[in-house]
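The sequence and the coordinates are shown below.

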Amino acid sequence: MKFFELSEYFQRIEQTTSRLEMADLLHSLFERAGADEMDKIVYLTLGEILPPFRGVEMGVSERLMLEALSKATGIKLKDLETAYKKTGDLGELAFESIRWQGRSLEVSQVYKELLDIAQSRGTLDKVMKLISLLKGLSPLEARYAVRVVIGRLRLGVGEATIIDALSLLSGGRSAKELIERAYNLCSDLGLVAKRLKEGGLSALEHFKIQVGYPIRMALAERVSSVEEIIRRLGRCAVEAKYDGFRLQIHKEGNRVEIYSRNLERMTEMFPEILSAVQKDIRFNSVIFEGEALAVNEETGEFYPFQVTIQRKRKYGVHEYAKEYPLVLFSFDLLYLEGEDFTVKPFIERRRKLEEVIPNSNTLRLSEMIITDSAKEVENFFEDAITRGLEGIMAKRLDAPYTAGSRNFNWIKLKRSYKGALADTIDVVIVGYYYGKGARAKLGIGGVLVAVYDPQTDTFKTVSKVGSGFTEEEWVRLKHMLDEIRLDHRPARVDSILEPDVWVEPRYVITVNADEITRSPLHTAGRTLEEPGYALRFPRAVSFIREDKKAEDANTVEEIIRLYQLQKKVSVE
Ligand code: ATP
């Protein structure tokens with residue numbers, strides 16, 4: 001396929017405000033694509049070059065892009081800068097500045113050049129390659145290539161939409177299940193799309209876990225009492241819940257990679273864990289998970305999350321590793337010596353994990369008891385809280401590892417929701433308001449936030465949030481939101497309210513609220529007959545959660561469950 005044709009698709013996708021039409025366009029795009037360009041088209045549609053777990057970044061700043069554009073077109077840098085200040089969109093600027101027809105390149109050729117730019121080290125090298133790329137592109141092609149390069153494609157296409165379009169390609173519901181399964185096992189939608197196009201559904205039936213491809217993480221549901229845990233799980237495993245970084249560790253021989261909750265490659269940030277895995281684990285190939293946090297070696301106490309989080313940095317990692325070494329409390333085994341463990345019952349995985357993890361200084365097992373007594377769970381919970389832990393995680397003994405899904409096989413119980421307070425909620429920002437009075441001078445008075453609805457792959461609003469941030473944070477937030485502002489409602493956002501500025505649903509914040517109420521103004525949980533759900537007196541309790549993607553926000557279903565939980569609590 002020619003890159004021009006792909007660009008035309010991008011243009012149409014970008015303009016639609018209907019998610020169904022978006023899926024149809026993608027379907028038609030995938031039909032026309034060849035098998036060996038499927039992966040590239042999927043990455044580009046998502047605005048990426050490779051899936052995030054590969055850790056490859058373009059490394060091209062706006063400044064660098066402007067320079068390249070100036071050199072390629074002969075337009076003075078100053079003039080480009082002025083024009084850029086007006087539009088705020090480098091893709092549009094490239095579209096308007098380029099006067100040639102391009103070389104009618106194939107998708108694969110443009111992709112190869114983009115990858116080459118990402119992989120070249122020096123700035124000069126990058127600029128030269130950018131110039132040569134631009135010279136080969138027509139205005140429309142340049143608009144999208146430039147946006148990919150600076151990480152601002154913003155087509156509004158999510159993974160779920162791509163999965164829907166791929167299932168249309170091979171027909172039927174079972175197609176969707178197989179595609180999702182394969183995706184959950186490798187987190188690489190491009191790879192899945194390519195295999196599907198090459199070998200049809202049967203290729204996906206035989207899809208296997210591979211070291212170096214992170215498995216999408218299993219997630220926990222929440223309950224508000226110890227009794228409910230026992231009611232749901234019966235005899236179960238109960239573990240301490242550590243408040244640190246969830247890590248998935250991949251080892252093949254001496255090669256080790258570490259992935260975050262968000263499936264980003266974080267290997268360099270955890271040198272002590274890396275070397276412990278290399279030194280202490282005597283198996284050749286293994287994938288396992290655990291929670292890493294800083295522990296005070298003198299007292300054995302767990303440091304608060306604020307200390308652990310400092311490790312998330314590019315520089316000074318080794319100094320921090322010395323001062324606050326992390327301990328990885330391992331809790332699950334997903335793969336060992338060629339064997340897929342995700343399909344085995346939890347208790348079997350745990351027993352094997354106990355053989356794999358040597359219990360050294362850095363690598364330990366999560367504390368665990370097995371019980372069917374609510375009293376014992378209660379004691380374990382109280383003990384965990386007293387020692388500064390977050391709460392407990394209960395696990396169904398016979399459940400497989402359900403990659404990429406949240407269900408009651410794992411149940412979390414935290415201190416905060418044993419009281420009347422429901423729990424914090426993660427929401428995604430979909431727009432903002434300019435603000436009145438004192439706030440008007442900041443240019444932002446509040447944000448419109450939404451929860452995720454996985455069934456329809458849309459974001460449904462639950463609240464406006466106008467408090468909880470400091471003035472400095474509001475300013476920073478406005479700046480970040482302006483970078484992703486859109487001139488129309490994003491196709492995947494379902495909203496009755498109309499904020500002053502729409503933004504691409506990307507940033508997740510954690511909010512607290514007094515309660516959940518029914519409201520005709522919001523679309524979360526709204527049906528033809530019933531009003532939606534809304535947060536009452538919401539306030540932000542965190543700045544942007546960088547470890548979460550928009551689709552990781554709480555779901556509509558969870559809001560409804562919290563609403564029901566709260567009714568129960570108030571009746572009791
Ligand atoms: P989630 O990760 O479920 O979206 P979240 O990031 O808000 O939610 P929590 O609600 O605190 O996190 O609970 C789940 C997280 O708890 C897991 O993702 C994992 O990082 C962490 N965790 C700590 N201890 C354990 C344990 N023993 N078993 C499983 N997970 C644990």
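## Ligand site and selected residues

A polar side-chain atom of Lys 395 lies 2.8 Å from a nitrogen atom of the ligand, a polar contact being a pair of N or O atoms within 3.5 Å; within protein, one must be able to donate a hydrogen and the other to accept it, and residues adjacent in sequence count only if both atoms are side-chain atoms. Taken alone, the ligand exposes 600 Å², and the protein buries 91% of that; accessible areas come from the Shrake-Rupley method with a 1.4 Å probe, and for residues only the protein chains shown count as cover. The model is predicted: local features need pLDDT of at least 70, side-chain atom pairs count only at pLDDT 80 or more, and totals for chains, interfaces and linings use all residues. Residues are numbered from 1 along each chain as its sequence is written, and side-chain values use heavy atoms, with hydrogens and water left out.

| Residue | Ligand atom | Distance |
|---|---|---|
| Glu 291 | oxygen | 2.5 Å |
| Lys 395 | nitrogen | 2.8 Å |
| Arg 406 | oxygen | 2.8 Å |

Around the ligand there are 18 residues, of which Lys 241, Arg 261, Glu 291, Lys 395 and Lys 412 come nearest; a residue belongs to this set if one of its heavy atoms lies within 4 Å of the ligand. Two or more residues of the shell come from each of β2 (236-241), β10 (391-396) and β11 (406-414), where strands are DSSP runs (E, at least two residues) and helices likewise (H or I, at least four), numbered from the N terminus. Strand β11 contributes the most, with four residues.

Tyr 533 is located in strand β20 (residues 532-536). With a relative accessible area of 7%, Tyr 533 is buried (buried means under 20%, exposed over 50%, partly exposed in between, with a 1.4 Å probe and protein chains only). Leaving aside neighbours within four places in sequence, the contacts of Tyr 533 include Thr 461, Ile 516, His 522 and Tyr 563, contact meaning heavy atoms within 4.5 Å. The side chains of Tyr 533 and Arg 518 are joined by a polar contact of 3.2 Å.

Asp 500 occupies the loop between β16 (493-494) and β17 (501-503). Asp 500 counts as partly exposed because its relative accessibility is 42%. Apart from neighbours within four places in sequence, Asp 500 is in contact with Tyr 432, Tyr 433 and Tyr 434. The C-alpha atoms of Asp 500 and Tyr 432 are separated by 6.0 Å, although the two residues are 68 apart along the chain. A polar atom of the Asp 500 side chain lies 2.8 Å from the backbone nitrogen of Tyr 434.

Two helix residues are also described. Asn 184 belongs to helix α11 (residues 173-186) and counts as buried at 15% relative accessibility. Not counting residues up to four places away in sequence, Asn 184 touches Ile 215, Arg 216, Ala 403 and Gly 404. Glu 272 is placed in helix α14 (residues 271-280) and, at 13% relative accessibility, counts as buried. With the sequence neighbours up to four places away not counted, Glu 272 touches Arg 311, Ala 321, Tyr 324, Pro 325, Leu 326 and Thr 362.

In helix α13 (residues 226-233), the buried residues are Val 226, Glu 228, Ile 229, Ile 230 and Leu 233. Gly 234, which follows α13, has a positive phi near 65°.
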